[in-house]
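Trainee: I would like to learn how to read the features of a protein model, one at a time. Could you take me through them slowly?

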Amino acid sequence: MDQDAEKCSPRPVLFVPFTAGAGKIMVFALAAFCCTHYNGEQGKGIWSMTDDLSSRRQGRKAAAAVFEYLETLITAAILVVLLCTFAIRMVRVEGRSMVPTLGDGDFLISYHLFYQPQRGDIVVITKPNEISTPLIKRVIAVGGDEIDIDFEVGTVTLNGELLEEPFLSEPTHYQPEQSMQFPLTVPPGQVFAMGDNRNHSSDSRDARIGLVDERYIMGKTFFRLAPFGQFGLI
């Protein structure tokens, strides 16, 4: 008798004539009887131990799944914080100075990591001004460019060439009372920016805003989140 059988308490067993079939039945009955008794006496048997092991495995799997989920969630949150701090930001357009390209209430995504202003970029400007709010404008000229505006005709000239601006809905006639003097050359490290709604925009034409140091550019807008009908790249 093996060691596991020795743990079973002796109980009377009915005599069955020993034949090949009967022997197998007796062995099976004795094993089942002993293990059932052991389960009752000690609180654990083969089936009980198997169930316990299975429950423990399931518990460990569930805990591992929860831990993995939390780890993914925390990692995603950290990435979002890092992206929003060092790479991208969400901005909301207020006003109509960028119509028809952008409308009042549009939600945009801008990025600023390693960004270098280029002509035509729509940027968020944080330069202190009388409006005391960030501005969204289009970069028209960068450092070293010469810009001239003919307010009577409504044209803009960049480096001696007439600027093609298909995104405008009307010519550039508006000249602020405190206007910059044209033509002017943009110093290195600065940009000249205007709104697409040229006759209803406060921008670099106004001496109270003027040229914008690149350090005051929060980033370039490149994607529109809302309204959903215009969802996509700008």
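**Reading the model**

Mentor: Helices (H or I, at least four residues) and strands (E, at least two) are DSSP runs, numbered from the N terminus. The model is a predicted one, in which local features need pLDDT of at least 70 and side-chain atom pairs count only at pLDDT 80 or more, while totals for chains, interfaces and linings use all residues. Residues are numbered from 1 along each chain as its sequence is written, and side-chain values use heavy atoms, with hydrogens and water left out.

Trainee: What is the phi of Phe114 near, and is Phe114 buried or exposed?

Mentor: Phi of Phe114 is near 60°, which is a positive value in a residue other than glycine. For the second part you need the cut-offs: buried means under 20% relative accessible area, exposed means over 50%, and partly exposed lies in between, with a 1.4 Å probe and protein chains only. Phe114 counts as exposed because its relative accessibility is 78%. Asn159, found in the loop between strand E6 (155–158) and E7, also has a positive phi, near 55°, and at 40% relative accessibility Asn159 counts as partly exposed.

Trainee: Which peptide bonds are cis?

Mentor: One of them runs from Phe182 to Pro183, with omega near 0°, and Pro183 is found in the loop between E7 and E8. Another cis bond joins Ala226 and Pro227, where omega is about 5°, and Pro227 has its place in the loop between E11 and strand E12 (232–233).

Trainee: How should I read a salt bridge, and how many does a search of the whole structure find?

Mentor: The general idea is that side chains of opposite charge can pair when their charged atoms come close. Here the term stands for a side-chain nitrogen of Lys or Arg within 4 Å of a carboxyl oxygen of Asp or Glu, and the search of the whole structure finds 9 salt bridges. In one of these, the side chains of Arg224 and Asp106 meet at 2.8 Å, N to O. Arg224 lies in strand E11 (residues 217–226) and Asp106 in the loop between E1 and strand E2 (107–111), so this pair ties together parts that are 118 residues apart in sequence.

Trainee: Are Arg224 and Asp106 buried or exposed?

Mentor: Arg224 counts as buried, at 9% relative accessibility, and Asp106 is buried too, with a relative accessible area of 4%. A further salt bridge is formed by Lys220 and Asp121, at 3.5 Å from N to O. Because Lys220 lies in strand E11 and Asp121 in the loop between E2 and strand E3 (122–125), the pair ties together parts that are 99 residues apart in sequence. Lys220 is partly exposed, at 23%, whereas Asp121 is buried, at 8%.

Trainee: Which residue forms a salt bridge with Glu94?

Mentor: Arg92 does, and the closest N and O atoms of the two are 3.8 Å apart. Arg92 is partly exposed, with a relative accessible area of 44%, while Glu94 is exposed, with 62%.
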